[in-house]
Amino acid sequence: MAAKQQAAEWRRLLIDSTELTYLLTRKQVKNINLRIRSDGTVAVSAHPRVTIDRIEQFICREADFIGAARVRLQARRAQAPRPLLLLDGEHVPIGGVFYTVSLQKSQRREVRIEEGQLVLCLRDPESYPARKRAFDEFLDREARALLEEMTRRALPLFYPKPPTMPALFFRTMKSKWGVCRPTQGRITLNRNLIYLPTALAEYVVFHELMHFAHPDHSPAFWAALGRRMPDCKERRRALAEFPVPSFSDGQDTVDEKPLRGESYPLSYF
């Protein structure tokens, strides 16, 4: 009979006179997995039958790695730009061009770009939820219009794969700029592409369209993409470096990244 998954629990471990707190979750997994979350906490998952002693021996062996990972995380936090609140004078990139936020009180809700400014007209411009809601609606409209037109213009370069305009979907994604489903004839594009310079957003569109002919990232994929976009490597590097803005939304998101794992034989149980 399979062991049941148990609730997560916080535990304390003393390593060289220093207390380490970690979150232990029991799962039906084959490895002991250790992650450092975006808030710096340590999360460990292991099979319900793995003993606490074995888990904590593993954590002790990785103590130096945990410390180094936390230092790197703190450094990234220190360098990260402050989350935006859409206040007067803040700068927001649209299409790679930075516009200055200008708040105006108005009975008609409207967001527009004019003379280097991102103008937010709202009944209550002091309300961050109202500012963010209006901005998100504007961003969604602009992203759809830009990316649909960009895809339509690029399509002839990829005929006959796809043979027709793919179905386009838009959403905010944390780790991907786009996802192509060739067998379903659809592409999902990250709404945050609207922040990027046009050349970088175009690279993502070309990249996803190329997957209809080459579903993987084989040498053939990159060669075919390079024929259609000779500077694709340069655009790809620039894409990785462009600072996408973050916004205060009252939510504490966690970005878990696997750091270390240890396997154990099934006979161990």
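Reader: How many residues lie between E7 and E8 in the hairpin?

Author: The model is a predicted one, and in it strand E7 (residues 110–114) and strand E8 (residues 117–122) run antiparallel, joined by five bridges. One of the bridge pairs is made by Glu 110 and its partner in E8, Cys 121. Glu 115 sits in the turn with a positive phi of about 50°, and the number of residues between the two strands is two.

Reader: Which strands stand at the edges of the open sheet, and why is one side of each left without a neighbour?

Author: Three strands make up this open sheet, in the order E9-E11-E10 and with mixed pairing. Because each edge strand has a single partner strand, one side of it is left without a neighbour in the sheet. From one strand to the next the twist averages 15°, and the strands at the edges are E9 (167–171) and E10 (178–181).

Reader: What is the bridge partner of Cys 180 in E11?

Author: E10 and strand E11 (residues 186–190) run antiparallel and are joined by four bridges. Within this pairing, the residue of E11 that partners Cys 180 is Ile 187.

Reader: Which strands does helix H3 touch where it packs on the sheet?

Author: Helix H3 covers residues 128–154, and its direction makes about 145° with that of E9. Another helix, H4 (residues 198–210), lies across E10 and E11 and runs at about 155° to E11. The strands touched by H3 are E9 and E11.

Reader: Which residues have the most contacts inside the largest nonpolar core?

Author: In soluble globular proteins, nonpolar side chains tend to be buried together. Here the largest nonpolar core has 48 residues, and H3 gives the largest share of this core, nine residues. Leu 118 touches, among others, Val 92, Val 101, Ile 113, Phe 135 and Phe 138. The residues with the most contacts inside the core are Val 92, Leu 118, Phe 135 and Leu 147.

Reader: Which residues are closest to the centre of the second largest pocket?

Author: The space in the second largest pocket comes to about 380 Å³, and 17 residues line that pocket. At least two residues of the lining are supplied by each of E10, H4 and helix H6 (232–241). The lining residues closest to the centre are Trp 177, Gly 178, His 207, Glu 208 and His 217.

Technical notes
Residues are numbered from 1 along each chain as its sequence is written. This is a predicted model: local features need pLDDT of at least 70, side-chain atom pairs count only at pLDDT 80 or more; totals for chains, interfaces and linings use all residues. Side-chain values use heavy atoms; hydrogens and water are left out. Two strands pair if DSSP finds at least two bridges between them. Axes are lines fitted to C-alpha atoms, for helices over the stretch in contact, and angles run from 0 to 180 degrees between N-to-C directions. Contact means heavy atoms within 4.5 Å. A nonpolar core is a set of buried Ala, Val, Leu, Ile, Met, Phe, Trp, Tyr and Cys residues joined through side-chain atoms within 4.5 Å. Buried means under 20% relative accessible area, exposed over 50%, partly exposed in between (1.4 Å probe, protein chains only). On a 1 Å grid over the protein atoms alone, a cavity is a set of points where a 1.4 Å probe fits but cannot get out, and a pocket is an open set with protein on both sides within 12 Å along at least five of seven lines; lining residues have an atom within 4 Å of a point. Grid points are joined across faces, edges and corners, and a volume is the space filled by probe spheres set on the points. Lists of a residue's contacts leave out its neighbours within four places in sequence.
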